[in-house]
There are 2 protein chains.
Amino acid sequence: MKTLQVDVAVIGAGTAGLSAYRAAKAAGAGAVMIEGGDYGTTCARVGCMPSKLLIVAADAAHAVGKAPGFGVHPDGVVRIDGREVMDRVRRERDRFVGFVLRDVQSIPDADRIRGHARFVDNHTLAVDDRTRVRARSVVIATGSSATYPDSFRALGERLIINDDVFNWHDLPKAVAVMGPGIIGLELGQALHRLGVRVAVLGRGGRVGPIGDPQIRTYAIATFSEEFTLEPDAHIASMERDGDRVALRRTGSDGSQETAHFDYVLAATGRAPNVADMGLDRTTLALDAKGVPSFDPATTRTASADGASPIFIAGDAGNFIPLLHEAADEGRIAGANAARLALGQPVNPGLRRAPIGVVFTDPQIGIVGGGFHSLKSGTFATGQVSFEDQGRSRILLKNKGLLNVYGDLATGRFLGAEMLALAAEHLAHLLAWALQNKMTVAQMLEMPFYHPVIEEGLRTALRHLDVKLHAAQTNASRVS
Amino acid sequence: MKTLQVDVAVIGAGTAGLSAYRAAKAAGAGAVMIEGGDYGTTCARVGCMPSKLLIVAADAAHAVGKAPGFGVHPDGVVRIDGREVMDRVRRERDRFVGFVLRDVQSIPDADRIRGHARFVDNHTLAVDDRTRVRARSVVIATGSSATYPDSFRALGERLIINDDVFNWHDLPKAVAVMGPGIIGLELGQALHRLGVRVAVLGRGGRVGPIGDPQIRTYAIATFSEEFTLEPDAHIASMERDGDRVALRRTGSDGSQETAHFDYVLAATGRAPNVADMGLDRTTLALDAKGVPSFDPATTRTASADGASPIFIAGDAGNFIPLLHEAADEGRIAGANAARLALGQPVNPGLRRAPIGVVFTDPQIGIVGGGFHSLKSGTFATGQVSFEDQGRSRILLKNKGLLNVYGDLATGRFLGAEMLALAAEHLAHLLAWALQNKMTVAQMLEMPFYHPVIEEGLRTALRHLDVKLHAAQTNASRVS
């Protein structure tokens, strides 16, 4: 077994790992990147990119169906060619993966180690028992994988995860999507629009990342108009029936219904890839799921002696599993790992205002820590419904509800939750305002063009501003 | 003739007038609103709203045509039903106008005067020789009308303006659009997508509000791929030929081509409605076109004695003919007219960062004063092409070019010009950043989600940031 001595060892060549490797090198450290699986990021291979590719095909089909409302009539049958749909998804997915591979190839061979890395101690990694890496500091960037209950396994190859969908060569007839989280909602609605019979089933009533009960209720009602969505379904049984899956659900009235699906898509969550890497041989403090605790500002993990040389970034850390956050965490982790290796102090890195988007139609947008992060009695809510909003109505997409939150004491904007057309754009505008620490009054001094979706946001901000103003008037009367 | 004595007289019941009337009342003044034409705003009747309605129908037709690229095949003929298209445009237009009329109806009868107002002197208006209004201050909010060269008149009823388009009951076969400004581009592209043969012809090479030569060249090339656009056309003759118009153009090689059109749509500009209102009997300073000069901060007009009691707002002032600016100007004018009437000082009002959007596809967006407002040698430009931008490519809409400008001395963001998908949203993000006086470096600290169009903007900002950074490094070396 050969032994390498490096400043920084990065485990994982995904978004966070690549970002960490580059940051470590940029900071003047020597670094290696160790990858045990295929190269390519979660985002490009099985996440953001292929899902958006499936969604745009679904939206194309939906748009064709909506065209008669404007006087545009595709007379005759609208044929959705599943082979063509999936061919474009895979082809463009491969193209995006190709960019990542090119990125990886641009890294010197000497800095790339292939194999599965296991900790021997805080500073030592054994890679497939062939190479031993001694590192002054280590970045864990091993990503995450889909998880599901063990009971699902009985479905055999009829059980699939998101990764499998993007390798399809044709569309199936019927899919049960277990879990109305981000992946479940995006894929469920897209498959429905592509003519697949879909049921999106959850437990406990949660829908995507929505925390605000008003927005959640509205979202469930809106999606339910289009496809079967039961966020709190009661599944009596789920079993193989020949080439299909028979799924028996119990209705709220106790009635039972059985439906058959070609596949059950497990979208029940993802877990960090941190098992089987010898973390028990480090001094790290691990949580109940075996994930190292860490400081999001520095990405440094916590250890008993308070001087851990190990950093963690991206989905492996289970903090905010989004590409742009993974890239930031990788950057922070790589730079800090380098600094530590070079005998410099570890620094907090740039963290941005939280922003989350689900690419359903309407989209879901979350800005800030979400409704559940707000302390009751300290904030007010402004609201707008998009059902009668001018531009939305012009577009025949007048569906949506947006809540904005403001701080009663300072008038500061705190965040938003929404189901809205163009939520991806509204969320950027609001996240920038949040990071700029703007008050709601200041936001209302900004330009709003006409006729745009942003005017709906303005309505909500005005509604909130009135409440904040009233609260401050009351406060000054009392004092 | 009866005589009314009021604090504030507002001439015009459009967007600016309604806004001015309300602001004057809110400021505690008595006010009347005088309208000589039909109630209803330019925006709702013949502007932003009906044009967006025509555009969404056009985009629906375009989307049906693009669907096969995603594997979605409308087999058979796509029939564009011109009667249905125009029926929805008129029906929804009438609905939007209805909202305005409801707004107007909510104003007390005593405050509404019908008739054409003419100045007798700075403080006196004669309304249709029936009513004399003595006002402590006056707001001119008479809007604008389409203008075209006198030579066009020979075309008789084959010559139309935008107002006429929105009263169509069916789509014509061929339309020559004179003037590739905002209206000409929006209507020209929309009619083309609805199956109308279109030629958009201009003189001098201008395209919409684009000032940046790179963006203009790119926009011309992009639109020209889709429909006939000649921003610097040479029209040899244009004359009636039965029920149609024969238009002879001279090509750059001297060749001549004659094409027939059902209509010539004059989109050659708009002029303030200030003629025939007796401005010569006031003490106002008028420009060459007879439009009063005024201070955009207060909307107060200039007069020889420096103490004009007359304010001007909206398209009548010919400053920024956009709804949100008209509403702002109306608000400022109404409030200041009231203050003056009540013996209080006139104040500068809130003006917002300039933002302009043209709802073509791709859209045109302008933030700040535009390229021509920048002083050569004081700024740097960052650029992104959307031709290889991830999300744009997913959407099969990877067309676009965006330039962002930054101040070499301070690193401050100065504005942008773009042809881009979702420019309406990018323009809001950038206009807010501009009004917040952000530096380009600060903008890069903001969140950018993935995969979104905003990532293209980030590429341009990074490009700009490198240039600004280099300039500042050089400057510090020199000093």
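A polar contact is a pair of N or O atoms within 3.5 Å, where within protein one atom must be able to donate a hydrogen and the other to accept it, and where residues adjacent in sequence count only if both atoms are side-chain atoms. This is a predicted model in which local features need pLDDT of at least 70 and side-chain atom pairs count only at pLDDT 80 or more, while totals for chains, interfaces and linings use all residues. Residues are numbered from 1 along each chain as its sequence is written, chains are lettered from A in the order in which they are written, and side-chain values use heavy atoms, without hydrogens and water.

**View 1. Polar contacts and salt bridges between chain A and chain B.** Across this interface the rule finds 36 residue pairs in polar contact, with both residues at pLDDT 80 or more. Eight salt bridges are also found there, a salt bridge being a side-chain nitrogen of Lys or Arg within 4 Å of a carboxyl oxygen of Asp or Glu. One of them links A:Arg393 with B:Glu92, whose closest N and O atoms are 2.8 Å apart.

**View 2. The strands E3(A) and E4(B).** Strand E3(A) and strand E4 (residues 78-80) of chain B run antiparallel and are joined by three bridges, where strands (DSSP runs of E, at least two residues, numbered from the N terminus) pair if DSSP finds at least two bridges between them. A:His73 has B:Arg79 as its bridge partner in E4(B).

**View 3. The extent of the contact.** Chain A and chain B each bring 73 residues to the contact, which means heavy atoms within 4.5 Å.

Methods. Helix = DSSP H or I, 4+ residues; strand = E, 2+ residues; numbered from the N terminus.
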